Structures are given as C-alpha cells and as structure tokens.
Amino acid sequence: MDGIRYAVFTDKSIRLLGKNQYTSNVDSGSTRTEIKHWVELFFGVKVIAMNSHRLRGKARRMGPIMGQTMHYRRMIITLQPGYSIPPLRKKRT
C-alpha cells in the first residue's frame with residue numbers, strides 16, 4: 001500500500017460510510033487507476049467509483065522563515081453493495 005497514506009475521519013467522511021463510501025489521503029503523485037488497483041488488491045473489494053481532489057499545503061512559520069506543508073490528494077472510494085473495508089485501527093480495551 002505505497003500510495004494510500006491514512007484514512008480520514010471527519011464529519012462528512014463518517015456520514016459517507018453509510019453510503020458505502022470511504023475517504024483516505026493518498027500520495028499526490030498517485031493516479032486514480034493505481035489507487036483503485038491497490039484498494040481492490042489489498043482489501044479484496046470491488047470499487048465502482050472514485051472521486052478525488054487535491055488539497056494544497058498550509059503555510060507555516062518557523063521563526064523568521066515561512067514554510068509550507070506538503071500538498072496531498074484525498075480520494076473518496078465507493079464500493080459495490082455487499083463489500084466493506086474493515087476498520088483500520090481496533091478500539092483499545
């Protein structure tokens with residue numbers, strides 16, 4: 001799973017889970033077909049649609065020097081009915 005960085009859990013992404021849509025941040029250089037192939041191969045699911053958008057890095061100041069965080073891409077992956085991706089992190093007990 002080189003291209004997929006981590007799953008995103010925001011209010012919108014949690015709402016989309018009910019529609020069988022999963023949100024994750026991926027490398028900005030990865031293509032849609034690469035991400036689709038990785039998700040289908042790693043999780044054993046069927047992807048029917050993918051939406052993506054690029055998010056620019058934010059400006060950060062480190063003393064007198066202005067810097068910028070890295071740009072990244074966010075993918076919203078829609079799975080076929082009957083398929084699901086298990087939780088990536090288990091709840092601590």
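Which residues form a nonpolar patch on the surface? Select Phe-9, Ile-14 and Leu-17: together they have about 310 Å² of accessible area (Shrake-Rupley method, 1.4 Å probe, with only the protein chains shown counting as cover for residues). A patch is made of residues with over 30% relative accessible area and no salt bridge, with like charges joined within 9 Å and nonpolar side chains (Val, Leu, Ile, Met, Phe, Trp, Tyr) within 5 Å.

The model is predicted: local features need pLDDT of at least 70, side-chain atom pairs count only at pLDDT 80 or more, and totals for chains, interfaces and linings use all residues. Residues are numbered from 1 along each chain as its sequence is written, and side-chain values use heavy atoms, without hydrogens and water.

Stay on Ile-14, in helix 1 (residues 11-16); helices (H or I, at least four residues) and strands (E, at least two) are DSSP runs numbered from the N terminus. Ile-14 is partly exposed at 48% relative accessible area (buried is under 20%, exposed over 50%, partly exposed in between; 1.4 Å probe, protein chains only).

Next, select Asp-27 and Arg-5. They form a salt bridge, with the closest N and O atoms 2.8 Å apart (a side-chain nitrogen of Lys or Arg within 4 Å of a carboxyl oxygen of Asp or Glu). The pair links distant parts of the chain, 22 residues apart: Asp-27 sits in the loop between strand 2 and helix 2, Arg-5 in strand 1 (residues 4-7). Asp-27 is partly exposed at 23%, and Arg-5 is partly exposed at 47%.

Finish at Ser-30, in the loop between strand 2 (21-26) and helix 2 (32-43). Ser-30 is buried, at 5% relative accessible area. A polar atom of the Ser-30 side chain lies 2.8 Å from the backbone oxygen of Asp-27.

How values were computed
Polar contact = N/O pair within 3.5 Å; in protein donor to acceptor, adjacent residues only side chain to side chain.
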